[in-house]
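Please read the following note alongside the sequence and the model.

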Amino acid sequence: MSIFSSGVLGNKRPTRQKATALLSFVVATAVGFVPGPRLDDGSPPAPQSSVTRPSPSSTGPSPIAGPSPAATPGPTSSVSAPPPAPTTQAKPSAPPGGSTTLLGNDVSWPQCNTALPEITAFAIVGVNNGLANTTNPCLHEQLEWAETALGGTAQPSVALYVNTANPGHAGSWWPNSNDYGGKSVTNPHGTCTGAEDAACAYMYGYAKAFDDAYLRTVADPEDYLWWLDVETENTWSGDKNANRAVLEGMTDFFHSIGADVGIYSASLQWWQIVGAVSEGSSLYSLPSWLAGAHTAEGAKINCSLPPLTSGGQVTLTQFVSKGFDYNHSCI
């Protein structure tokens, strides 16, 4: 059964005021949080993934299109994102086999300074700059564009997505306790002592979600559906249990503030990174957003594919056309 209800989906677009960095700093300070080291400070990107990336000739789902490295450098690219600037709106031609009035779009840092679709049914905006601990420099311009979404589907008119990863000690910061955000976190994987294990991976995920909600200058983070972008483009451990713990930490944090959570991936990549998810995991019932289609019709057909977790439901599918990511609502 879907975690979405018509009531929930119909009330996910309250009137919002533009957030500021000062606002997020005040919120973080109020809960006693002092930011630790972040790649936002100009440190080099995390190493390439240790998970084998699927070959283009592999069988199964197509390699992930991503939200959205398909037409632009991937999250681990050394190409710098352009500085933020007001986003010019322009109506693109409709993708083959689909009407833009019934399709949504997802955008993020690769679309900075790019004309965005004038008509979209719903919008999903990337919060990060390609890595789990960075900020999309065009976040607010793109959120303002997203507020023009027409609606007309069961999807929230505006949702967010965040990059995920498990860099371990190769990253610029790794937890060494169950404390974060000014509190001691209940950790289902035990006590984090700094090791590259599931307990610390959980705390890493919890911390990244906390940062996304309170340090990326997102106003009213509890009002959004947050999609977790799970791709082999980013850095992952060979330990699937630890990778799963990262996503559980993120999910548990977002749920703790009253936000909804979903998972974006392609089945093959999800299996490489996470594997099977048990009923006891907080990931088990999350909705799935599947990548891999090449046309609007293909995206529609993919609604019948198995979800990423056995207790979930495919609620959204993605395809890429003419330089834009389009999304088909399965609900």
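**Note on the predicted model**

1. In strand β8, W289 is the bridge partner of Y264. Helices (H or I, at least four residues) and strands (E, at least two) are DSSP runs, numbered from the N terminus. Two strands count as paired if DSSP finds at least two bridges between them. Strand β8 covers residues 288–293 and runs parallel to β7, to which 3 bridges join it.

2. This is a predicted model, in which local features need pLDDT of at least 70 and side-chain atom pairs count only at pLDDT 80 or more, while totals for chains, interfaces and linings use all residues. Residues are numbered from 1 along each chain as its sequence is written, and side-chain values use heavy atoms, with hydrogens and water left out.

3. Which strand pairs with β7 over 5 bridges? The partner is β6 (residues 225–229), and the pairing is in the parallel sense. Within this pairing, L228 stands opposite I263 of β7.

4. Is β7 mostly covered or uncovered? Strand β7 (residues 260–265) is mostly covered, with 6 of its 6 residues buried; buried means under 20% relative accessible area, exposed over 50%, and partly exposed in between (1.4 Å probe, protein chains only). In a regular strand the side chains alternate between the two faces of the sheet. On one side of β7 lie D260, G262 and Y264, and on the other V261, I263 and S265; all are buried.

5. H140 belongs to helix α3 (residues 139–146). H140 counts as buried because its relative accessibility is 17%. Its side chain makes a polar contact with the side chain of T217 at 2.6 Å. A polar contact is a pair of N or O atoms within 3.5 Å; within protein, one must be able to donate a hydrogen and the other to accept it, and residues adjacent in sequence count only if both atoms are side-chain atoms.

6. The protein chain contains 7 helices and 10 strands. Of its 331 residues, 55% are buried.

7. Confidence deserves attention. The mean pLDDT (the predictor's confidence in each residue, from 0 to 100) of the protein chain is 79, and 69% of its residues reach 70 or more. Over residues 1–66 the pLDDT is below 50.

Definitions and conventions:
Contact = heavy atoms within 4.5 Å.
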